[in-house]
Amino acid sequence: YRGAVVYVRVFEGTLKTGERIRFMSNGREYVAEEIGILRLERQPVEMLRAGEVGYVIGSIKDIRSARVGDTITHAHRPASEPIPGFRQVKPMVFSGVFPTNPDQYEDLRASLEKLQLNDASLTFTPETSAALGFGFRIGFLGLLHMEIVQERLEREFGLDIITTVPNVEYQVVLRSGEVITVDNPSEMPDAGKIAEIREPYVRADIITPTEYIGPLMQLCQDRRGVYRNQVYLDRTRVNLQYELPLAEIIFDFYDKLKSVSRGYASFDYEILDYRPSDLVRLDILINGEPVDALSTIVHRSKAYEVGRKLTQKLRELIPRQLFDVAIQAAIGSRVIARETIKALRKDVTAKCYGGDVTRKRKLLERQKEGKKRMKQVGRVEVPQEAFLAVLSVGD
């Protein structure tokens, strides 16, 4: 096992076999066991000179140590500063991935480690959910990256997985002055401890034909966008520049943009900064028990609408039980929306022909008592589709 093979271009000086090298982004040092040039295959040489392009093998066991664009320097006579232009890749969208079969947890870990060998931007940490059991919190570059990883886990590794609602990374300023990073709604501190919540904003460039300017501006306004500029590229095309919260564009913004513009508009964005926003954690309770995998962080102005639509969607997806199931959306201890799944009812009076009405009433009362007892010990089975219901609340 030789580790990661690093392709390099020498800008200054020389590199010889056996010299110690250092990666300037993380300070890790290795011995250049083999260096060489590329002529349709690896050809070992004793030294690389300035201007040459080649490779370095140094038993780099962790692919994350060798980042694309990093500067390699001598360990004993290092460069004063790295070559400009390197930017560390940061995951922007986070989601929980859980195996439907708990026995596949170790298989999921091994699969993610294999994926990480050729995708250094993929990050994951173990996570536990009361509703879904053991899984991993995975960081993605965007929603497309998340869908590709999900497909590869299912097709290449044969795993059956549940993916929870994707979230962005928030900065939470506590009343004590401490700033913490939160990428999982269930880890959000109590509202009484929070002084301020900051969310990431992006600068969006939308190039569109002029006839779709109005609908696209309305779409951006609905997503809490801040208008910045409008540049006409020619008579028929315009570049709309908006600043938008990242959380508002990771779900269905691109789909809506394409449908509003009949497929003609193009969309590009880059991360700007973190800005304070009036955000709250929206919890979903099923029969009084919070389901942490369904919790989301939303803007306060949209909390009621999202809560109402989400409870309605869950009412359609969760199968009926032999007892009433209450689905509630809550902010803290305040319930803002509720739906009830009515109980399945067996006709216990079907065999009562004639006779006194008290016979039927006696059977119905006995059924009622049995259902009350069942509700105290009954647990609701939540199907896989319910955990992605929040993605389609706008439909």
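1. Basis. Residues are numbered from 1 along each chain as its sequence is written. In this predicted model, local features need pLDDT of at least 70 and side-chain atom pairs pLDDT 80 or more, while totals for chains, interfaces and linings use all residues, and side-chain values use heavy atoms, without hydrogens or water.

2. The largest pocket. Its volume is about 1,100 Å³. A pocket is an open set of points on a 1 Å grid over the protein atoms alone, where a 1.4 Å probe fits, with protein on both sides within 12 Å along at least five of seven lines. The volume is the space filled by probe spheres set on the points.

3. Its lining. The largest pocket is lined by 43 residues, each with an atom within 4 Å of a point. Nearest the centre lie Val8, Gly69, Asp70, Thr71 and Ile72. Strands β1 (5-9), β2 (14-16), β3 (20-23) and β9 (72-74) each give two or more residues. β1 gives the most, with 5. Strands are DSSP runs of E, at least two residues; helices are runs of H or I, at least four.

4. Helices α3 and α5. The axes of α3 (residues 213-222) and α5 (residues 253-260) come within 9 Å and cross at roughly 160 degrees. Axes are lines fitted to C-alpha atoms over the stretch in contact, and angles run from 0 to 180 degrees between N-to-C directions. That makes α3 roughly antiparallel to α5 (over 145 degrees).

5. Their contact. α3 brings Pro215, Leu216, Leu219 and Cys220; α5 brings Phe253, Lys256, Leu257 and Val260. Contact means heavy atoms within 4.5 Å.

Methods: Parallel < 35°, antiparallel > 145°, perpendicular 65-115°, else oblique.
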